Amino acid sequence: MVQKKILVVEDDTNLGLLLVDLLESENYYVDLCTDGVTGLKFAESRPFDLCIFDVMLPKMDGFSLTKMLRNQGYEMPIIFLTAKSMIEDKLNGYNIGAEDYLTKPFHHEELLCKINVILKRYCRQMNAVELPKEFSIGAYTFKYDRQELEYEGTSIRLTQKENEVLYLLCLNKDKILKREEAVLKIYGKKDYFLGRSFDVFISKIRKLLKKDP
């Protein structure tokens with residue numbers, strides 16, 4: 001089995017080293033960075049199967065780091081580790097493309113379980129049966145592979161989650177897609193925060209398509 005590569009960006013040295021030991025004991029290859037700028041350089045310089053980012057980082061916070069990677073087209077799953085437990089922070093994390101969110105302190109077994117589930121789901125998505133990647137939506141053309149929505153010769157760049165939600169809707173054209181099922185397919189689980197995050201993306205997609213009534 002190919003060894004999975006994980007990038008950990010955590011400014012707490014003790015926690016960072018503990019995470020490295022924990023993940024290496026599970027046969028993951030791990031790189032550790034202690035600030036957001038270095039983490040960005042590492043993420044851009046080599047392929048990672050999954051990233052674990054603290055939110056409160058020196059030089060560049062975890063949210064900004066994630067936004068920069070997503071804007072550049074990096075799609076590896078990202079888990080946030082943070083001491084913040086506010087609803088707004090969790091929604092922000094999901095809305096910018098995080099796969100999951102763990103509030104400190106957390107159980108190591110829970111983190112390992114989340115990593116295992118996310119990597120399995122990600123591998124299934126990568127190896128899925130070939131499906132159409134381009135769709136006509138009224139006067140729009142949606143290009144899933146390029147994360148683009150075209151209208152009258154102008155291209156709009158979609159975020160990763162906008163892209164995934166719109167793709168799910170296109171694959172279920174002329175079908176009733178229940179909100180709960182959609183949330184489960186997009187995020188891999190269902191809870192209040194993920195449902196709120198999904199609603200935000202539906203609202204964004206409606207605005208993107210508003211030029212064609």
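Reply: First, the terms for packed helices: axes are lines fitted to C-alpha atoms, for helices over the stretch in contact, and angles run from 0 to 180 degrees between N-to-C directions. Helices (H or I, at least four residues) and strands (E, at least two) are DSSP runs, numbered from the N terminus. This is a predicted model, in which local features need pLDDT of at least 70 and side-chain atom pairs count only at pLDDT 80 or more, while totals for chains, interfaces and linings use all residues. Residues are numbered from 1 along each chain as its sequence is written, and side-chain values use heavy atoms, with hydrogens and water left out.

Me: What makes helix 6 roughly perpendicular to helix 8?

Reply: The axes of helix 6 (residues 160–171) and helix 8 (residues 192–208) come within 10 Å and cross at roughly 80°. Angles under 35 degrees count as roughly parallel, over 145 as roughly antiparallel, 65 to 115 as roughly perpendicular and the rest as oblique. The crossing is therefore called roughly perpendicular.

Me: Which residues make that contact?

Reply: Contact means heavy atoms within 4.5 Å. Helix 6 brings Lys 161, Glu 162, Val 165, Leu 166 and Leu 169, and helix 8 brings Phe 198, Phe 201, Ile 202, Lys 204, Ile 205 and Leu 208. By class, there are eight nonpolar, no polar and three charged residues. For those classes, Ala, Val, Leu, Ile, Met, Phe, Trp, Tyr, Cys and Pro count as nonpolar, Asp, Glu, Lys and Arg as charged, and the others, Gly among them, as polar.

Me: How do you know that the length of helix 6 agrees with what it should span?

Reply: The expected span is 1.5 Å times one less than the number of residues. For the twelve residues of helix 6 that gives 16 Å, and the end C-alpha atoms are 16 Å apart, so the two agree. Helix 8, with 17 residues, should span 24 Å, and its end C-alpha atoms are 25 Å apart, which agrees. Helix 1 (residues 13–25) has 13 residues and should span 18 Å; its ends are 18 Å apart, which agrees too.

Me: Why is Lys 114 called buried?

Reply: Buried means under 20% relative accessible area, exposed over 50%, and partly exposed in between (1.4 Å probe, protein chains only). Lys 114 has 14%, so it is buried. This lysine is found in helix 5 (residues 108–126). Leaving aside neighbours within four places in sequence, Lys 114 is in contact with Asp 100, Leu 102 and Lys 189.

Me: And why is His 108 called partly exposed?

Reply: His 108 has a relative accessible area of 29%, so it belongs to the partly exposed class. His 108 also lies in helix 5, and touches Leu 18 and Leu 22, not counting residues up to four places away in sequence. His 108 and Leu 19 are 89 residues apart in sequence and 8.6 Å apart in space, C-alpha to C-alpha.

Me: What makes Thr 154 partly exposed?

Reply: Its relative accessible area is 48%, so Thr 154 is partly exposed. Thr 154 sits in strand 9 (residues 154–157).

Me: What makes helix 6 mostly covered?

Reply: Nine of its twelve residues are buried, among them Val 165, Leu 166 and Tyr 167. In helix 8, the buried residues include Phe 193, Leu 194 and Gly 195. The buried residues of helix 8 pack against helix 4 (87–95), helix 6 and helix 7 (179–187).
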